[in-house]
Protein chains: 2
Amino acid sequence: MARYTSMDFIRFLLFDVHHVESLFAYEKFSHLDSEQAWMIIESAKQFADQEMHPFFKIFDDNPATYDGNGGVKTHPQLKKIIRGAAAQSWIGGAAKFEHGGMQLPEMIFNTGHHIFQAANNSVQGYLGLSTGAADLITSFGNQKQIETYVPPIYEGRWQGTMALTEPQAGSSLSDIITTAKTTEKGYYLVKGQKIFISGGQHDAAENFVHLTLARIEGAPAGVKGISLFIIPKFRPTEDGSFYYNDVHCAGDFQKMGQRGYSTTHLSFGDNDDCQAYLVGEPHKGLTYMFQMMNGARISVGQCAASVAMAAYQASLQYCLERPQGRSASEKDPTKAPTLIINHADVQRMLFTQKSIAEGSLSLALECSKLYDQVNGTTGEEKENYLLLLEILTPIVKTYASEQGSRSASLAIQTLGGYGFTTDFPVQQHYRDLKIMSLYEGTTGIQSLDLLGRKVNLQNGKAVKLLMNSINNDLKVSIEFENLTPYANILADELKRMGNVLEHLSSYAMKGDVERYLSDATIFMEMAGYIIIAWQWLKMATIAAQKIRESNFKSNSLSFYQGKIHTMEFFFKYELPHSEACAKTLEDVNTLTNIKVYEMFQ
Amino acid sequence: MARYTSMDFIRFLLFDVHHVESLFAYEKFSHLDSEQAWMIIESAKQFADQEMHPFFKIFDDNPATYDGNGGVKTHPQLKKIIRGAAAQSWIGGAAKFEHGGMQLPEMIFNTGHHIFQAANNSVQGYLGLSTGAADLITSFGNQKQIETYVPPIYEGRWQGTMALTEPQAGSSLSDIITTAKTTEKGYYLVKGQKIFISGGQHDAAENFVHLTLARIEGAPAGVKGISLFIIPKFRPTEDGSFYYNDVHCAGDFQKMGQRGYSTTHLSFGDNDDCQAYLVGEPHKGLTYMFQMMNGARISVGQCAASVAMAAYQASLQYCLERPQGRSASEKDPTKAPTLIINHADVQRMLFTQKSIAEGSLSLALECSKLYDQVNGTTGEEKENYLLLLEILTPIVKTYASEQGSRSASLAIQTLGGYGFTTDFPVQQHYRDLKIMSLYEGTTGIQSLDLLGRKVNLQNGKAVKLLMNSINNDLKVSIEFENLTPYANILADELKRMGNVLEHLSSYAMKGDVERYLSDATIFMEMAGYIIIAWQWLKMATIAAQKIRESNFKSNSLSFYQGKIHTMEFFFKYELPHSEACAKTLEDVNTLTNIKVYEMFQ
């Protein structure tokens, strides 16, 4: 069995770095202990090993395809995976007992899903979407909606989806034109087109629950006139039977990656008989949807980290087995070739991958923990956790997806020509990963969210909380002599980020919002380097503690030394690019407001 | 017809920036003038428009596949393309009249091939390999070999290939074990396996001329015991008939990109009847092969630039047509959406692509010109051109392929979710491009070549010549007030590179070659930023001259302003990363010589 993630690393993150056990103090999670938590993670690994990972390439070779008749054909194993995962609570596991869940912390639930994502990322999406859809109904739907739709989703019989994007609007949700007509019977009649609907009407589910954004006739323009609806493919009727609800799948997009995942074009109400059931209040749809969206953004970031991790593991395995070439100082061609892992440039490629994949996964779990902390606390504490979560969400989504692609590219590179062939998985990881910078808001959208909204939340309180959180960690790190220089570098980077924000704010103060936001993506890139450096220093500090205490219960000395080493590597090879970003951001030249299009020719 | 390159830009490069007409002073090219040269380029465009570009996606959808019986099945159009290109001299055009060529400068010949690469990169390779193989035979083969093999290659009936790589050796050519047994009849009998043989035994050619590296029995170990052979698939006999030469195609690798291009596994001499004809002297094969290899490296760099260019053109076209969203300061959702090209972040993505694609193409043509200058001169002048060509070759290969992938990723990004679907070409560009950092020596190999060999050629003479060449250009740039700051920045960057080299040399002086070379790839990255900055400043300087002289004969004012603007963009957004690389390179920590493999876990 090829390795696609590291259970040692997962345990290190969960228990040593992010202290999942601290969550068990919350009443909601008091039924759990660490041993149980780990057993749950191990069950996910076993399931992924048996049912998901063996189908990674098979799903790529047999993509989801339109059946020509309103449905999508998938590989038969998909149904087995969805039902099996559901049976083990991997759809509803984080829900409350009263809703049929296991009341797991998101942190544990998402760690299980990390394993699925690393094993077979185009399958994990089906599960994740169902979870998100059921959560949304549970949070904002009425009792009847919850009772009708949530249980079959948790059983893996019905598939949940998010239906936001429209052909003419793309990322611009304010331009959604799908309309919902009021009827006297309480439901609405919806008409419109949605594209890129992941997990859309395939043959592995009995029914579909499309959480759909539409505009009630007469609603205000823009995002303030968008409502959220439940639209099933087959609507349940009073007598327990089902009736086709005029939701037609008009096609399945073929893609360069995640080929096992259906990506549908849905047409609602072609025959004016598409019933839709309002969730919550009218015109508040986008606010509701953003609960699902924020979860999905963290999930996409985590998925990118997971795919990068799988590519890293495949790359590492190859480098440990492949003899080729000799050291630069060895001139004798009759000597046996060395393993390629002994070449400095190969080690550089491996540590780059490791630093990106593991650093991103650590940040993703940090976000999951914050999510649990938000839900486990009240008042100012809750509010602070939420602010931290909100500012980190676009960063984990973007860093992991952008740098994850670079990481998977290096995985191909370590395999040489073999990496480009379909005989090895790394090229599939590279293809799959590219979607992550597009899903749930592109990198450009995430960057506008970070600099335009999150940085300014409550007069910059989110930034201050983040700085405090990092500074608290620095105080621990600085105690270790071998970490002191790195703690000082990170402190300098935080100052640099502060200076950049001050510089950028001068544009905003003058009312020049365009200029303030024009290089948001470069600011995002800079923030990514700094935040991941923080995660690495945090991991290195824990490792240094373990080494000092000679406490190698679950991992070996080399494991912990590897963490400190990778931190040093990140600070030497990756972090310096933060300064380059700062230089760009502080450059007063404005170069991206060209009106004469001929200048692009 | 979708645009895949810019004829305006090509003309600008050829005539304004790199002065192709200066080559017509050489006797070899005295039969040409600028008007003829441009007609030749236009004929390439017409051919590519009609025969190549319409099949870009079709070849991807119908990949070259093993026919199960020693051959590779390709799309029928391939044969038409190869014969048609041959008829227009796009295989032998750069050869001398006496060998059936048109005696074109490489610069013109390669510019034509840029158009082919941008139009349909997996097809251009078939042509390029044939050209390279015929060149090699012409340079080092005997009269009979030239007469036998070159004409049918130039007619497009026979396909030339390079057969270097073996399964066990990969990039390490010193470990080649394919053997050549001497016979009394003058030929050799070869036995061995070669993999990744591009353009291998497909159904669009009548015969194959495999230029093969093998070791004559009893030859010294390592690269000093490698000889070069011509091995046809069907060997010509005295009576004019052909006889199967025991070269079996054992399979065709399936790949993530360049799917129209056959990538074969060849087995020589399974039945001990594979005749091979020595080219030149025994044991000098690698030296000969490196003529073809160096040409191929520039060609791969140019191909990467060309594919990045095609992706950029597709991206630009989409951004000019797609309305979506509103400016950051426009809050009114009832206003019509704007074209996405008006968003700052989209402009950033477009200018990044433009700076990479056009900058790389300019460098590739600089290399082609140097090649012509080497061949047109003698003595010290020739030697200096050759040194410049040698030091720039790994840089153009690596910069274009590594940054080209990033550029194509941004092309996908500008299209949003559509970019990930097979309905649009940019995802194919992204997939195709990834091979360029692997072909003809990976990025790691190129970087060792640059820092380990080229930088030290004749005690650093190549570096000095390059610095002089750049400094001469800077003297012109600095005369333009708006360019002075950029000329100064580039001068500083050259100093920075000098300092880095001095720092690294201190390791080499102490005999620590491993450490000297350990970050060669980072040095390569740094060199790439600086060399492309030079190309941009050169282009901007020409543009500034045109603007000062109000000389807009062939292009518009906006075109020239666009060049200056893109230069400024490159200096603001890309070049600062050179300093980050320098910081890494000057960091004295050595982090890539780990012996305890568990630290990677």
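**Close-up 1. Helix α10(B) bends by about 30° at Leu392(B).** A proline, Pro394(B), follows within four residues. The bend is the angle between axes fitted to the seven residues ending at a residue and the seven starting there. Helices are DSSP runs (H or I, at least four residues), numbered from the N terminus. This is a predicted model: local features need pLDDT of at least 70, side-chain atom pairs count only at pLDDT 80 or more, and totals for chains, interfaces and linings use all residues. Residues are numbered from 1 along each chain as its sequence is written, and chains are lettered from A in the order in which they are written.

**Close-up 2. Helix α10 of chain B covers residues 379-415.** Of the 37 residues, 28 are buried, so α10(B) is largely enclosed by the rest of the structure. Buried means that 20 or more other C-beta atoms, placed from the backbone, lie within 10 Å of the residue's own. Just after α10(B), Gly416(B) takes a positive phi of about 60°.

**Close-up 3. Chain A meets chain B.** Here 86 residues of chain A are in contact with 85 residues of chain B (C-beta atoms, placed from the backbone, within 7 Å). Helix α17 of chain A (residues 557-574) gives the largest share of chain A's side, 9 residues.

Key: Two residues are in contact if their C-beta atoms, placed from the backbone, lie within 7 Å. Helices (H or I, at least four residues) and strands (E, at least two) are DSSP runs, numbered from the N terminus. The expected span of a helix is 1.5 Å times one less than its number of residues. A residue is buried if 20 or more other C-beta atoms lie within 10 Å of its own, exposed if 12 or fewer, and partly exposed in between; C-beta atoms are placed from the backbone.
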